[in-house]
Amino acid sequence: MKMTLVAIVTAVAALSFNAYAEEMNMGGESMQNMNMNRSAKQVTGAKGEGNIKAIDQQKHMVTIAHDAIPAIQWPAMTMGFTATPEQVMGLHAGDHVAFTFSTVGSAAKIDSIEKMK
């Protein structure tokens, strides 16, 4: 009886976590519903604004919860961008920033980033 109960609870927890993970960080917007033009492999000079959630110096990544970016039809979401150590110098989690970025395929790279007041 205990093994059956443990198996059921584990299955429900795994399914619930999977559904949560699919929707988190995108304001309920899943990647499948994003209107990203798959034929456009490269975007340059896109502008965004958001809050830094994390900076990983070793992986050269900055995670930003950004507002919608209408120019490329992206909804508001939290995502990682590659960045150089010089670009994120003096920035911290919680900072509100304006940034420009480029994409190639599914990789996004910070072109410039500036802390806003």
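Author: Of the chain's 117 residues, 28% count as buried. The model is a predicted one. Its chain has two helices and five strands, and their order along the sequence is α-β-β-β-α-β-β. Among contacts with a separation of 6 or more, 50% are between residues 24 or more positions apart.

Now to the rings. A pair of aromatic rings is described by the distance of the centres and the angle of the planes. The structure has four aromatic pairs. One of them joins Phe 81 and Phe 99, with ring centres 5.2 Å apart and planes at 65°. Planes over 60 degrees apart count as edge-to-face, so the pair of Phe 81 and Phe 99 is edge-to-face. Phe 81 belongs to strand S3, residues 77-82, and Phe 99 to strand S4, residues 96-104. The pair therefore ties together parts that are 18 residues apart in sequence.

The cut-off for buried is under 20% relative accessible area. Phe 81, at 0% relative accessibility, therefore counts as buried. Phe 99 is buried too, with a relative accessible area of 2%. Phe 99 also pairs with Phe 101: the ring centres are 5.8 Å apart and the planes are at 35°, so this pair is tilted. Like Phe 99, Phe 101 is buried.

Gln 73 has a phi near 60°, which is a positive value in a residue other than glycine. Gln 73 sits in the loop between S2 and S3. Its relative accessible area is 45%, so Gln 73 is partly exposed.

A positive phi is also found at His 60, where the value is near 55° and the residue is again other than glycine. His 60 is placed in the loop between strand S1 (42-56) and strand S2 (61-66). With 38% relative accessibility, His 60 counts as partly exposed.

Within it, the pair of Phe 81 and Phe 99 is edge-to-face, whereas the pair of Phe 99 and Phe 101 is tilted.

Methods: Residues are numbered from 1 along each chain as its sequence is written. This is a predicted model: local features need pLDDT of at least 70, side-chain atom pairs count only at pLDDT 80 or more; totals for chains, interfaces and linings use all residues. Side-chain values use heavy atoms; hydrogens and water are left out. Helices (H or I, at least four residues) and strands (E, at least two) are DSSP runs, numbered from the N terminus. Buried means under 20% relative accessible area, exposed over 50%, partly exposed in between (1.4 Å probe, protein chains only). Contact means heavy atoms within 4.5 Å. Rings of Phe, Tyr and Trp (its six-membered ring) pair if their centres lie within 6.5 Å; planes under 30 degrees apart count as stacked, over 60 as edge-to-face and the rest as tilted.
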